[in-house]
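Visitor: Hello! Could you walk me through this structure and tell me what stands behind the words you use?
Guide: Gladly, let us have a look together.

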Amino acid sequence: MGTPEIVAKRESDSNIDLHIHSHFSDGINSPEEIREEARQEGVKLFSITDHNYIGADARLIKDGQKKFSFLQGIEISSLDRVTDEPLHILGYSYNFNIPQINRSLASVVEGYNIRAKNIIAKLNDKFSSGFDFEEIKKETPAAFVSRNLLAKKLTEFVGNGMIMTEALNEAFIDEDNSWLPGAEDVIGLIQNCGGIAVLAHPGNILEKTSIEELIKRLGAAGLGGIEAFYPKHSPKTTGVLINLAKKYQLIITAGSDWHGRNFSASPLGIKVPAWIYESCIIFFSDLKSKILLKKNDQTGSPRAYGGAS
């Protein structure tokens with residue numbers, strides 16, 4: 001399925017955010033708090049995209065009023081087997097098969113918990129912090145212990161002598177990413193669970209690989225969109241990504257990668273031209289219609305949505 005017919009651009013911008021993290025991964029806010037933040041910021045369309053796990057409160061879907069719309073979401077860690085670059089793939093749906101997607105990503109979650117244990121060992125050795133993985137795990141509703149949480153624990157332990165950016169650097173270890181699932185496999189998983197796959201913040205790898213070759217290859221595997229609007233993307237980078245999305249008939253999305261006011265410099269929400277918002281509404285409404293049709297079809301496996309033509 002290609003990009004919907006582009007709606008004529010209007011002068012007014014729209015505020016959307018399809019890349020937000022809650023306390024179910026490495027953010028600090030609950031889904032309900034995020035919904036309120038989105039309302040206050042005037043966000044018209046938003047999605048909670050926690051890492052490798054969907055735990056967002058389903059009531060968000062039911063509570064979505066005319067002022068804004070909510071999409072189920074996830075951000076999955078992967079590795080491009082061709083370039084060896086780590087890639088994050090966003091997934092969106094109105095009706096994800098959440099048990100299936102969470103089961104399929106259990107090994108990825110476990111991998112991040114192993115990483116957390118290694119980080120804790122490093123911090124305990126350097127700072128004599130006495131951190132215990134099991135005790136820290138009890139403090140979070142997330143499926144894994146994140147670097148953000150460990151950095152926060154470190155600032156609390158050290159006191160005023162350490163700021164968050166320093167703590168995040170301390171809570172970093174070099175790691176082998178070969179255990180991550182392949183990017184094409186992740187795209188297939190999102191499709192099979194009833195969703196559309198979007199490449200997250202591709203500006204991060206713009207200078208490391210041929211972005212067009214990557215998008216063309218992932219598009220052939222079923223990639224449905226590109227996150228062109230992102231706080232760290234320059235206007236030039238955004239323009240390059242928009243043109244690639246149009247060339248390969250992929251939906252253009254926007255996300256702040258918001259983790260909470262204490263972790264994110266930018267507010268929740270990304271200002272985009274109205275035609276971007278309207279194109280997303282058309283695209284995801286079409287996806288919703290196909291999901292509803294699929295629910296009425298009792299035979300066959302979930303359809304694949306998206307991908308380059």
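Guide: In helix α10, the residues T237, T238, L241, I242, L244 and A245 are buried. This is a predicted model, where local features need pLDDT of at least 70, side-chain atom pairs count only at pLDDT 80 or more, and totals for chains, interfaces and linings use all residues. Residues are numbered from 1 along each chain as its sequence is written, and side-chain values use heavy atoms, leaving out hydrogens and water.

Visitor: Why are some residues called buried and others exposed?
Guide: Buried means under 20% relative accessible area, exposed over 50%, and partly exposed in between (1.4 Å probe, protein chains only). P235, K236, N243 and K247 are exposed, on the face of α10 turned away from its buried side.

Visitor: How do you know that the span of α10 agrees with its 13 residues?
Guide: The expected span is 1.5 Å times one less than the number of residues. For residues 235-247 that gives 18 Å, and the end C-alpha atoms are 18 Å apart, so the two agree.

Visitor: What makes β1 and β2 partners?
Guide: Two strands pair if DSSP finds at least two bridges between them. β1 (residues 13-20) and β2 (residues 45-48) have three bridges, in the parallel sense. D17 stands opposite F46 in β2.

Definitions and conventions
Helix = DSSP H or I, 4+ residues; strand = E, 2+ residues; numbered from the N terminus.
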